[in-house]
Amino acid sequence: MQKQVRKPPKSFWSGTRIRKKPEVSLRARALRYLARREYSRAELRGKLLPHVQADEDFEQAQPVDLDALLDDFTARGWLSDARAATQLVHAKRSRFGTQRITHELRQKGIAEELISAALPELKASELEAARSVWQTKFGIAPHDEKEKAKQVRFLQSRGFSLDVVFKVLRFDD
């Protein structure tokens with residue numbers, strides 16, 4: 001004996017329409033991204049590039065339009081690599097070391113001048129951040145070499161330099 005499956009009445013399906021989302025302009029999409037958080041120019045360009053409508057005839061013209069849009073946003077002060085770098089540094093510096101943060105800044109396309117400007121601030125708070133991260137994760141001094149190696153690897157994976165890692169572990173030995 002098979003169960004019968006009830007189908008909705010035909011009038012139910014005839015009244016529904018499939019709505020397509022309206023196509024969002026490149027400018028509106030960029031503003032939507034920038035409303036959420038700061039982006040570097042290279043990062044925003046990478047997010048917008050798949051949405052550029054490239055026709056066969058105008059393949060070269062469309063990326064120029066994207067660059068013009070990004071230039072306009074930069075001129076208006078809506079897009080700033082310096083603000084993006086500052087935001088990333090402030091968000092990550094309590095959990096990660098200088099090496100990891102500088103690597104992330106380079107991946108996001110931040111200029112080397114801005115990275116080198118942020119380094120002194122990062123170096124100053126690196127030991128304090130490493131101690132905080134170590135205290136949260138472990139809290140007690142390593143009791144043998146295996147445990148010490150585990151703690152060193154953990155702190156290095158967070159981007160702390162070896163000299164900072166050894167200062168943290170010597171501080172609590």
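The structure is a predicted model in which local features require pLDDT of at least 70 and side-chain atom pairs count only at pLDDT 80 or more, while totals for chains, interfaces and linings use all residues. Residues are numbered from 1 along each chain as its sequence is written, and side-chain values use heavy atoms, with hydrogens and water left out. The chain contains nine helices and zero strands, where helices (H or I, at least four residues) and strands (E, at least two) are DSSP runs numbered from the N terminus.

**Overall organisation**

- Along the sequence, the elements follow the pattern α-α-α-α-α-α-α-α-α.
- Of the 173 residues, 29% count as buried; buried means under 20% relative accessible area, exposed means over 50%, and partly exposed lies in between (1.4 Å probe, protein chains only).
- Among contacts with a separation of 6 or more, 60% involve residues 24 or more positions apart; a contact means heavy atoms within 4.5 Å.

- Two packed helices are described by the angle between their axes and the distance between the axes.
- Axes are lines fitted to C-alpha atoms, for helices over the stretch in contact, and angles run from 0 to 180 degrees between N-to-C directions.
- Helix H2 (residues 26–36) packs on H3 at an angle of about 130°, with the axes 11 Å apart.
- That angle makes H2 oblique to H3; angles under 35 degrees count as roughly parallel, over 145 as roughly antiparallel, 65 to 115 as roughly perpendicular, and the rest as oblique.
- The crossing of H2 and H3 is right-handed; a crossing is left-handed if the near helix is turned anticlockwise from the far one by less than a right angle, and right-handed if clockwise.
- Leu26, Arg29, Ala30, Tyr33 and Leu34 of H2 meet Leu44, Lys47 and Leu48 of H3.
- By class, the contact of H2 with H3 has six nonpolar, no polar and two charged residues; Ala, Val, Leu, Ile, Met, Phe, Trp, Tyr, Cys and Pro count as nonpolar, Asp, Glu, Lys and Arg as charged, and the others, Gly among them, as polar.

- The axes of helix H5 (residues 81–92) and helix H6 (residues 98–107) come within 10 Å and cross at roughly 150°.
- H5 and H6 are therefore roughly antiparallel to each other, and their crossing is right-handed.
- On the H5 side, Ala85, Leu88, Val89 and Lys92 meet Ile101, Glu104 and Leu105 of H6.
- The contact of H5 with H6 comprises five nonpolar, no polar and two charged residues.
- H6 and H7 pack at an angle of about 160°, with their axes 10 Å apart.
- H6 and H7 are therefore roughly antiparallel, and H6 passes H7 in a right-handed crossing.
- Thr98, Ile101, Thr102, Leu105 and Arg106 in H6 meet Glu112, Ile115, Leu119, Leu122, Lys123 and Glu126 in H7.
- Five nonpolar, two polar and four charged residues form the contact of H6 with H7.

**Nonpolar cores**

- The largest nonpolar core has 13 residues, and those with the most contacts inside it are Trp134, Leu155, Phe160 and Val165; such a core is a set of buried Ala, Val, Leu, Ile, Met, Phe, Trp, Tyr and Cys residues joined through side-chain atoms within 4.5 Å.
- Helix H7 (112–137), helix H8 (145–157) and helix H9 (162–172) each supply at least two residues of this core.
- Apart from it lies another core, of 12 residues, which includes Ala30, Leu34, Leu69 and Leu79.
- Not counting residues up to four places away in sequence, Phe160 touches Arg95, Phe96, Gly97, Gln99, Glu126, Ala129, Ala130, Val133, Leu155 and Val165.

**Selected buried residues**

- Leu44 is placed in helix H3 (residues 41–48) and counts as buried at 0% relative accessibility.
- Beyond four places in sequence, Leu44 touches Ala30, Tyr33, Leu34, Tyr39, Leu70 and Leu79.
- Leu44 and Lys108 are 64 residues apart in sequence, with a C-alpha to C-alpha separation of 9.2 Å.
- Gln151 lies in helix H8 and counts as buried at 1% relative accessibility.
- Leaving aside neighbours within four places in sequence, Gln151 is in contact with Trp134, Phe138, Ile140, Ala141, Pro142 and Leu169.
- Val152 also lies in helix H8 and is buried, with a relative accessible area of 12%.
- With neighbours within four places in sequence left aside, Val152 is in contact with Leu162, Val165, Phe166 and Leu169.
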